[in-house]
Each structure stands twice: as structure tokens, then as C-alpha cells.
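Thanks for coming, everyone. Today I would like to walk through the inside of one protein model, and I will go slowly, so please keep the picture in view while I talk.

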Amino acid sequence: MIVFLGYANNDVTVHVPHVPVLGERVQATSVSMIDGGMNANAAVSAARMGARVVFAGAVGPEARSAEFLANLELDGVDTSWAPRDSFLSTAVVLIAEGGDRSIISQDDPNDAVRISQVLDRLATSGGGRLFVDGYRATMMPSSMPENCSLAIDLDGCVDVDAALRVFALADHVIVGRALWEGTFGIELERWSTMAAEHNTHLVVTDGERGWTLVTPDGVVTSQPAVAVEVVDAVGAGDCFCGTYIAFVDAGRTPRESARLAGASAALACATAGPRGCPSLTELTRFADSLTTLDLQEIP
């Protein structure tokens, strides 16, 4: 079982010719309101891959929150752990022609107390895997219950100390290269040492340049992104995360899980909306057609 705890959003999506700069006014080509949130999107992606998925993020008592949870249920996500005592956060997503985007997100109610409550429930329910987004990095406990493991998408974390602490706590860490290497200053030469020291699988994503996987035994594998015509890149990273952890949870190797996650994210980029992750059947068919896209081991 994988329990997802983190962002659930009411996305106000605005399509614009280009993302405006400070003081500029642009005319929207369309405005819509749809379900989103990086952790909820990842939960949907994992469920579409056949994983047993629970969403435990707090939402509100109002009709919009009920609709949000009902849509998760339609995708096979169990929402019985989601408290209804708070609010559904809002994000404003600006999408430019070509797929570039900017996101303005509202803070959400999933704090350290709620994380502790979810971990207690997961442990007493027989254990499983907790998946959180990077906004939870500063809120994570110092240790995990014996029958529980942690996976995290570090994007959203701005505290390098918290990132390093949760890296040591998790068995799978997914992070964008711009954050990991550019902002935190953790260069490629350190990745293998860190993975071995903490027995952590590290997946570094790099947009159209693909991904790099570092395993605790020192094997470094990379693969370029699958080329597609980008319609909307919003949610592609969430799709990668959900697909990756679903296959890891099902017993696939991290290497194969990352390969499938990369293909899944490519399909998401070719689909409009933050939940463009394919079904398992669609992904299998697409991945099977990519036999010429080689995995590369880095010495």
C-alpha cells in the first residue's frame, strides 16, 4: 500500500501566449478550473499503474472538496483517510504556448501533526510506504516506524538541511536537477556516496534531458527524455513520481521503474491537463515501442 500525503489543489489554469513578466498584461486564451496538486496527481498516476493507493491529504467539508475526492475515487484512489476538517488549497497555473508554465500555489494544511497521525495509522494498519512532496521535508519525523518506508519528491523543498535529513530517512528520493545540483549545490560526484551511505535510491530528473538513477550499490544509470510534441507539461513530474513508485512497490527494479516513469511522463506531456498520466495498458504499449531508447550506465 502507498499512502500519498501532500498537495491537493483546485487548479485555476490560465492559458496565455507567454508567461508575463512583472508589470506586463497579457490576454488569456482560456481559463478553466480543474483538479490538481502534485501529490494528488502522483496518487492518480500510481493508481493507474495498478498500485493500491490511499490519499490522506486534508481537504474541506464543502462541495468542491467532495467533488475533488470523488474524482480521485474514480481513478481507483482510496480517499477514506483524507480528513474533511480543513480546506482545499488553490493553485493558479499559467501555461504558455509550447508548454512552459508558472505556478502560484497556496499553502496547505498537511502539517507535522497530520503526518504523524498518518504514519501512526499506516503502522497500525500493517505498514506500507508513505509518499510525500517536498513541501513536507521540514515536517518529517526523525525516524520512521519499523514497518513503514518513505519516498519523497523533493521538489518544493527550499531548505537544504531538511532535504539532506529526509534523504537519509527515505529509501527513494526523486528531485529535479535544477534544485538538487543548482540550488542545493550537490554535484554529481557526491550522489553515489550519499546513496550508499544512506541506502537511498536517488532519481534526478532533468526535463527534456531525461533522468539519472543512482542506486546504493553505486550503479548510475541515465536515459534521455522520450521526444514527444509537448501539449502541456503541467503534472508530468507528478506522473513520473507516481509511476516510478508504483512499479517499485510492485517489485520492479528501480532502473526499470525509472524507464517506465520516463515514458509515462512523456505521454503526460503530450496530453492536456495535470493528470495526463496514461493507463497501464497505454504505457505498456508505448514503452514497448521504445526499444531503441537505450539506458546508459555511467562509470
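**Inside the model**

Let us start with Tyr244, which, leaving aside residues up to four places away in sequence, touches His172, Ile174, His201, Val203, Leu213, Pro254, Ser257, Ala258 and Ala261. Please keep in mind that this is a predicted model.

Tyr244 also belongs to the largest nonpolar core, a set of 50 residues in which Phe4, Phe55 and Tyr244 have the most contacts. Several elements give two or more residues to this core, among them strand 1 (2–5), helix 1 (38–48), helix 7 (236–249) and helix 8 (254–269). Another core lies apart from it, with 39 residues that include Trp81, Val118, Ala162 and Val175.

Now to the rings, where the structure holds 4 aromatic pairs. One of them joins Phe4 and Phe131 in a tilted arrangement, with 5.1 Å from centre to centre and 35° between the planes. This pair links distant parts of the chain, since Phe4 sits in strand 1 and Phe131 in strand 8, 127 residues apart.

A second example is the pair of Phe167 and Trp180, which is stacked, at 5.6 Å centre to centre with 25° between the planes. Because Phe167 lies in helix 4 and Trp180 in helix 5, the pair ties together parts that are 13 residues apart in sequence. Together with Phe184, Phe167 and Trp180 form one aromatic cluster.

Finally, look at Tyr7, where Arg136 lies over the face of the ring, 5.2 Å from its centre.

Technical notes: Residues are numbered from 1 along each chain as its sequence is written. This is a predicted model: local features need pLDDT of at least 70, side-chain atom pairs count only at pLDDT 80 or more; totals for chains, interfaces and linings use all residues. Side-chain values use heavy atoms; hydrogens and water are left out. A nonpolar core is a set of buried Ala, Val, Leu, Ile, Met, Phe, Trp, Tyr and Cys residues joined through side-chain atoms within 4.5 Å. Buried means under 20% relative accessible area, exposed over 50%, partly exposed in between (1.4 Å probe, protein chains only). Helices (H or I, at least four residues) and strands (E, at least two) are DSSP runs, numbered from the N terminus. Contact means heavy atoms within 4.5 Å. Rings of Phe, Tyr and Trp (its six-membered ring) pair if their centres lie within 6.5 Å; planes under 30 degrees apart count as stacked, over 60 as edge-to-face and the rest as tilted. A charge sits over a ring if NZ of Lys or CZ of Arg is within 6 Å of the ring centre and within 35 degrees of the ring normal.
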